[in-house]
Structure formats: C-alpha cells, structure tokens
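Subject: Structure handover

Hello,

Here is the structure I promised to pass on. Please have it open while you read.

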Amino acid sequence: VELCGLADWAERFVERLDEQYGLLSGETAEQNFPDGRVPRWLRGGRVQDGVPSWIDSFFLDGQRSLQRQWVESGFLSADPEWLSTLVRGDEADVARVFLLTGNVHDYAFSPEDGYLPVVDRLEANAVQRKDWVLRYSLSNGFAAPVRGRSIPSDEPTPFEVLDVERPGEGEDDYTRNPQHALERDLQLMEAILRESYDRGVALVIDNLHLLLPPDSTNVNQNVLTDALTRWAQAPWMFQSNNQVVLLSGAAEQLTRDVRSTSNHVETINVSRPEDQSDRLKFLVALFAGSRVENMTGIRLDVTA
C-alpha cells in the first residue's frame, strides 16, 4: 500500500490499525485499499484537529469485534461511488453542472461524522474542496453560506461580496410569491457563479423536481431550465472552479430539457444500499458502542 504524502495523524492511524488488525497485509489490505493507495479522506481531512472524529472514536472506544469486522470487510475504503464520481468529474472538468438522482434522501457515510443525509454528506465534502458552499431549496431559499476549510472567519460571504442581503432573511417571499423569489434568486445565483474564487463555489439545489416538474409550462420554470443548461455549457463556468449540484429523487420527475445529454448536465445515480456489505456497514456503525461519538445526522437513537 502506498503511504506517501500522509499527514502525521493519518500515518499514526494506519499504523495503529495495522498493529491491531494487520491492515496493510494480504486480503485485508486489498479490501480496504483496492488500488494500492489509501483513500482520499486519509490524505486530507482536518489536519489541524487530528484524525476525523467519528472513525477515530470508533477505533478507540468501539467494540473490538465490530472494529475487526470493519477492517476485514474493507469499510475503510473510498467514499460512496456517487461522491467519488462527482469529485473526479469536477476535478477533471468533465462538467460544471451535476444532477444526482435516485436514493438522494438516504444516508451516506462520512469518516468525520458517521452517517449523514446525502445532501449533508455532499456539503461536508464540498467544504473540504471549495471556498464556499451554498444550499438552495424551493421552500427555504438560500441557507446560510458555509465557509470552506481554507476560508478565514472574517472573509466576506458571496452575498457580502455582491453587497446584497441573503434572500430569505426576514422575508416570506418563498411562500407569498415563489415565482418572483425564484426569478430573483436565479439572477443572484448567476452573479455569484460569475465571481472569481480560488477554489470555487459549490451551489447545491435540493428537490429540483419541485422546481421543474415534467409537465411544466410555467415561464419562471422555463427560465430555470434555461439557466441550468446555460451554466452547464458556459465557457466562463469551465474557466472557474465553481460547481452546481442538483438533487432529484428520479430523473423522470424532471423536464426533458434538463435530462437531455446534449445539455452537458452530468447525471450521477445514487444507488440504494442493496449490497449486503452496505447494510452491514450501517449496522456496525449504528451499534458501535455507547462510548463512540454520536452520529447526529441520523434519525435513529440507538443505545448500544
């Protein structure tokens, strides 16, 4: 296994698991590091805080039998496949607008937080790679922008850079006049995406099918379709590190224009956990032990 370039905390973490469970030998190494390299999260993460918190807590305080199960099952390996595909596509400039469909309202594993809702896992990953993460939905408009790991606390937000207030603060436009709010917000989204950021902005739009149903004839919804397809093809988007991620439970719930491959919107399926190992990983995390750090993102409250 290639261990070059690891931070000190990651080297210590891997060495500890190798001493306890033979992590770097034989079939165990192949299971956890199928390409001979440690996963991305072990080559980054919260260097200033040490090893990512949930997984470290699990291997310090969890049940030993479940720790062994985790290692022997290869659960230290890469991010969920949909997330790896998204990151690779973004870094390789395959696309600037991505559409996640399928099981987008389920959970996904994070070494730092345990299991999180997919949209929160997406945000946590983007925080590591981008300067800012902005989330948007039909009912709530813009959520408060989230700073990337490298952004100082006094850095102005994208809204402050444009000298505008974040829509939704003290307003009820999203229930009183949603069409007007959507048109205003689209203009603001484009203004943000046209700004220059070193590592870029990730704009995450949730429940896209509520904004773009397949039988839509509303002019405002057509304006949204036009904006998404323009962003997907615009040279200025590819000259930036900005990224737009759309979430929808099923591609069939969207207008044909957005689903068309000719529009350069990259579609990624988030599959259901049909594999037995996926279900086992969730159960092991769920019943890891009473002293293991709580997974605050899940709805279940289990005391082991």
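Below is what was found in it, topic by topic.

First, the ground rules. This is a predicted model, so local features need pLDDT of at least 70 and side-chain atom pairs count only at pLDDT 80 or more, while totals for chains, interfaces and linings use all residues. Residues are numbered from 1 along each chain as its sequence is written, and side-chain values use heavy atoms, with hydrogens and water left out.

**Overview**

The protein has 14 helices and nine strands. Both are DSSP runs, numbered from the N terminus: helices are H or I with at least four residues, strands are E with at least two. Of the 304 residues, 49% are buried. Buried means under 20% relative accessible area, exposed means over 50%, and partly exposed is in between (1.4 Å probe, protein chains only). The protein exposes about 15000 Å². Carbon and sulfur atoms supply 44% of that area. Accessible areas come from the Shrake-Rupley method with a 1.4 Å probe; for residues, only the protein chains shown count as cover.

Now the contacts (heavy atoms within 4.5 Å). Take those between residues at least 6 apart in sequence: 70% of them join residues at least 24 apart.

**Salt bridges**

Side chains of opposite charge can pair when their charged atoms come close. A salt bridge here is a side-chain nitrogen of Lys or Arg within 4 Å of a carboxyl oxygen of Asp or Glu. The whole structure holds 15 of them.

- Arg149 and Glu112 form a salt bridge at 3.0 Å, N to O. This pair links distant parts of the chain, 37 residues apart. Arg149 is in the loop between β6 (146–147) and α7 (158–161), and Glu112 is in the loop between β2 (107–110) and β3 (114–117). Glu112 is buried at 4% relative accessible area, whereas Arg149 is partly exposed at 32%.
- Asp120 and Arg135 form a salt bridge at 2.8 Å, N to O. Asp120 lies in helix α6 (residues 118–129) and Arg135 in strand β4 (residues 132–137), so the pair ties together parts 15 residues apart in sequence. Asp120 is partly exposed, at 26%. Arg135 is partly exposed too, at 23%.
- Glu190 and Arg230 form a salt bridge at 2.7 Å, N to O. The pair links helix α9 (residues 178–193), which holds Glu190, to helix α11 (residues 219–233), which holds Arg230. Glu190 is buried at 14%, and Arg230 is partly exposed at 35%.

There is also a network: salt bridges that share partners join Asp90, Asp93, Arg96, Arg129 and Lys130.

**Cavity and pocket**

Both come from a 1 Å grid over the protein atoms alone. A cavity is a set of points where a 1.4 Å probe fits but cannot get out. A pocket is an open set with protein on both sides within 12 Å along at least five of seven lines. Lining residues have an atom within 4 Å of a point. Grid points are joined across faces, edges and corners, and a volume is the space filled by probe spheres set on the points.

How many cavities of 30 Å³ or more are there? The search finds one. The largest cavity has a volume of about 120 Å³. Its lining has 12 residues, and Trp41, Asp79, Pro111, Arg121 and Gln128 lie nearest its centre. Helix α6 supplies the largest share of that lining, four residues.

The largest pocket holds about 770 Å³ of space. It is lined by 32 residues; Pro80, Phe109, Tyr115, Asp278 and Lys281 lie nearest its centre. Two or more lining residues come from each of α5 (81–91), β2, β9 (266–270) and α14 (276–286). The most come from α14, with six.

**One residue to look at**

Pro158 lies in helix α7. Is Pro158 buried or exposed? Pro158 counts as buried, at 0% relative accessibility. Leaving out residues up to four places away in sequence, Pro158 touches Trp132, Leu134, Pro145, Ile192 and Tyr197. The C-alpha atoms of Pro158 and Leu193 are separated by 9.4 Å, with the two residues 35 apart along the chain.

Best wishes
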